[in-house]
Amino acid sequence: MKVSELSSLIIEKKLSSAGLGIKIGPFSIKLKSSIPDIAEHIENFYAEYPLSEDCFFDFHISLKKVGGLRRWVKPQVLFFHDEYSPFKPLPYDQAPAMFEWGLNWCIASMAHHFFIIHAAVVEKDGKAIILPGMPGAGKSTLCSALCLSGWRLLSDEMTLLDPKTFEITPVPRPVSLKNQSIELIRTFFSDAYIGRKAEDTAKGTVAHLRPLSSSIDNANVKAIPHVVVFPKYKEGCPVHLTMQKKTTALIDIQKNAFNTNVLGHTGFVTAHDLIRRLNIYSLSYSQLNDVMPVFDDLLLTAE
């Protein structure tokens with residue numbers, strides 16, 4: 001049974017009472033909130049996700065409006081995991097974005113059976129391309145464009161790599177678009193569903209892109225890493241793809257890993273083996289139309 005099979009009223013009631021169970025990739029979450037924007041976000045972006053009736057949930061999440069006089073003067077929202085609040089409150093209208101950021105934190109902080117890389121990851125023909133990137137590198141923009149052009153979204157935010165099997169476990173979720181990327185994707189893909197903008201966040205203006213149902217329906221289908229591409233958006237730059245040295249790539253992967261310090265030796269060995277097995281590239285680009293064919297070529301040439 002999917003979230004879409006529930007009425008808006010039932011979704012609101014479940015969220016504001018016992019909670020709504022949702023299966024997101026390998027994780028089951030129990031979400032509670034009486035905030036209307038959260039109910040709207042779940043209905044608009046998680047409609048195609050399976051409901052979870054598990055007795056055990058990986059994450060118990062709630063979002064609550066801050067009480068006291070502030071709730072009338074300058075409303076704010078708090079994120080809780082198991083009644084622990086790891087973040088400072090945010091403006092009330094940023095509640096959906098806070099849910100997404102908070103869920104990122106839950107996965108990165110606790111899913112240590114994976115080696116977790118801060119990277120988007122997409123798949124085609126059974127081959128996954130890992131796209132690590134620091135803020136501003138354009139990985140979410142590139143990831144969105146690829147997933148709206150025939151690639152399967154495994155994740156916009158983190159690559160979950162099994163240290164034993166080297167398989168990537170998908171966790172497809174709404175893609176967080178920022179600033180100019182919002183209108184860029186909306187212009188290139190008129191059918192894309194992009195939600196309301198949240199202004200003045202710590203990351204600027206943020207809006208979410210709803211993943212295609214095909215990515216959600218195949219969330220249980222794992223993928224094998226094929227190449228790693230470090231993208232970098234540079235205004236006015238033609239497409240430039242170069243092979244990266246494995247020594248520097250290992251350092252860069254470690255910098256982009258969330259849990260190397262937790263996994264210790266296992267994390268280092270996993271990163272080393274990933275770099276040893278795959279070709280690693282640096283990619284500079286400015287125009288989506290020009291860069292898209294590069295990825296189809298990588299499927300054929302990087303064996």
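**Salt bridges and burial**

Tutor: Glu 123 and Arg 152 are both buried, where buried means under 20% relative accessible area, exposed over 50% and partly exposed in between (1.4 Å probe, protein chains only). This is a predicted model: local features need pLDDT of at least 70, side-chain atom pairs count only at pLDDT 80 or more, and totals for chains, interfaces and linings use all residues. Residues are numbered from 1 along each chain as its sequence is written, and side-chain values use heavy atoms, with hydrogens and water left out.

Student: What does Glu 123 form with Arg 152?

Tutor: Side chains of opposite charge can pair when their charged atoms come close. A salt bridge is a side-chain nitrogen of Lys or Arg within 4 Å of a carboxyl oxygen of Asp or Glu. Glu 123 forms one with Arg 152, with the closest N and O atoms 2.7 Å apart. Glu 123 lies in strand E7 and Arg 152 in strand E9, so the pair ties together parts 29 residues apart in sequence. Helices (H or I, at least four residues) and strands (E, at least two) are DSSP runs, numbered from the N terminus.

Student: How many salt bridges does a search of the whole structure find?

Tutor: It finds 12. One of them joins Arg 173 to Glu 100, at 2.8 Å between the closest N and O atoms. Arg 173 sits in the loop between E11 and E12, Glu 100 in helix H4, 73 residues apart.

Student: Is Glu 100 buried or exposed?

Tutor: Glu 100 counts as buried, because its relative accessibility is 3%. Arg 173 is buried too, at 7%.
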